[in-house]
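Subject: Handing over a structure

Dear colleague,

I am passing on the structure below, and after it you will find an account of what was found. Please read the two side by side.

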Amino acid sequence: MDAQLPRTARLVRMALPDHVCPWGLRARHLLRSNGFSFDEQLLTSREEVEAFKAANGVKTTPQVWIAGQRVGGHDDLRQWLGLKMHDPKAISYRPVIALFGMAAAMALAVSMATMGTPFTLHAAEWFVGMAMCLLAFLKLKDIEGFVTGFIGYDLLARAWLPYATVYAWAEAASGVLMLSGQLVGVASGIALFIGSIGAVSVIKAVYLEKRTLTCACVGGGSNVPLGFVSLLENVTMIAMAFWMLAMHGAA
């Protein structure tokens with residue numbers, strides 16, 4: 001981006017009665033946040049949109065002009081501004097960080113509401129139960145996508161395909177039972193079973209066979225690499241199962 005150019009722009013975006021283009025709004029935000037003064041033209045009918053594209057030889061809206069020169073659409077504007085471009089195929093741990101962060105916040109909040117302090121042993125138990133439920137939800141909302149990714153490395157699912165679906169429901173059931181404090185033996189048994197198979201599968205695929213795979217732990221379509229995160233999920237289930245059995249036996 002040339003710092004000497006006047007910070008003036010023109011933005012043409014689509015704003016139909018039944019559809020406001022989100023990329024036009026994002027382009028407007030980029031201009032505002034980067035200190036541009038700009039004229040904004042709204043295309044409010046399909047006829048106006050098609051006429052604008054034909055007149056300017058473009059296939060999409062929005063379109064941005066800066067200092068009289070056409071820059072292009074939203075992505076072109078980001079590139080012109082020197083901003084990082086979003087890569088949908090890039091490796092990212094953001095879904096996992098968001099999930100475990102939310103589970104921790106929820107567990108601390110419940111502990112605070114019920115016991116007057118966020119830092120209790122129950123909060124740790126609730127954190128694991130909530131994390132399992134959230135992970136199961138992500139798997140179940142796109143079960144076909146999860147199954148496709150899961151059978152790429154899970155040993156039991158590769159031998160018996162229905163286990164992939166069973167796994168998602170079993171994780172959900174175990175998490176709910178752990179949160180309720182009911183049928184602790186059943187919940188712990190489920191967690192031990194699926195966690196042990198999962199841990200062995202990840203160790204074999206990643207650390208022994210050195211395969212590069214995408215983790216299905218947060219459902220299908222994620223770009224979380226298979227490895228530490230999935231292993232942590234399974235080891236945590238195993239540890240929580242032993243903990244619940246110990247606490248239940250002590251009670």
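**What was found**

In the protein chain, residues 24 or more positions apart account for 64% of the contacts with a separation of 6 or more, where contact means heavy atoms within 4.5 Å. Please keep in mind that this is a predicted model, in which local features need pLDDT of at least 70 and side-chain atom pairs count only at pLDDT 80 or more, while totals for chains, interfaces and linings use all residues. Residues are numbered from 1 along each chain as its sequence is written, and side-chain values use heavy atoms, with hydrogens and water left out.

**The chain as a whole**

The secondary structure of the protein chain comes to ten helices and five strands; these are DSSP runs numbered from the N terminus, helices being H or I with at least four residues and strands being E with at least two. The radius of gyration of the protein chain is 25 Å, whereas a compact globule of 251 residues would have one near 18 Å, the radius being taken over C-alpha atoms and the globule rule being 2.2 Å times the number of residues to the power 0.38. Along the principal axes, the C-alpha trace of the protein chain spans about 75 × 50 × 35 Å. The accessible surface of the protein chain is about 13700 Å², and carbon and sulfur atoms hold 63% of it, as computed by the Shrake-Rupley method with a 1.4 Å probe. Of the 251 residues, 39% are buried, meaning under 20% relative accessible area, with exposed set at over 50% and partly exposed in between (1.4 Å probe, protein chains only).

Helix H6 (residues 143-150) and helix H8 (residues 163-180) have axes that come within 9 Å and cross at roughly 115 degrees; axes here are lines fitted to C-alpha atoms, for helices over the stretch in contact, and angles run from 0 to 180 degrees between N-to-C directions. On the H6 side the contact is made by Ile143, Phe146, Val147 and Phe150, and on the H8 side by Tyr163, Ala164, Thr165, Tyr167 and Ala168. Sorted by class, the contact of H6 with H8 has eight nonpolar residues, one polar residue and no charged residues, where Ala, Val, Leu, Ile, Met, Phe, Trp, Tyr, Cys and Pro count as nonpolar, Asp, Glu, Lys and Arg as charged, and the others, Gly among them, as polar. Helix H8 also holds Ala173, which is partly exposed with a relative accessible area of 33%. The C-alpha atoms of Ala173 and Met106 are separated by 19 Å, and these residues are 67 apart along the chain.

**Single residues to look at**

Ser188, in helix H9 (residues 184-208), counts as buried because its relative accessibility is 0%. Not counting residues up to four places away in sequence, Ser188 touches Ala241, Met244 and Leu245.

The peptide bond from Thr61 to Pro62 is cis, with omega near 10 degrees, and Pro62 lies in the loop between helix H2 (46-56) and strand E4 (63-66). In the loop between E4 and strand E5 (69-72) is Ala67, a residue other than glycine whose phi is positive, near 50 degrees; Ala67 counts as partly exposed at 33% relative accessibility. Lys210, in the loop between H9 and helix H10 (228-250), also has a positive phi, near 60 degrees, and is exposed, with a relative accessible area of 63%.

With kind regards
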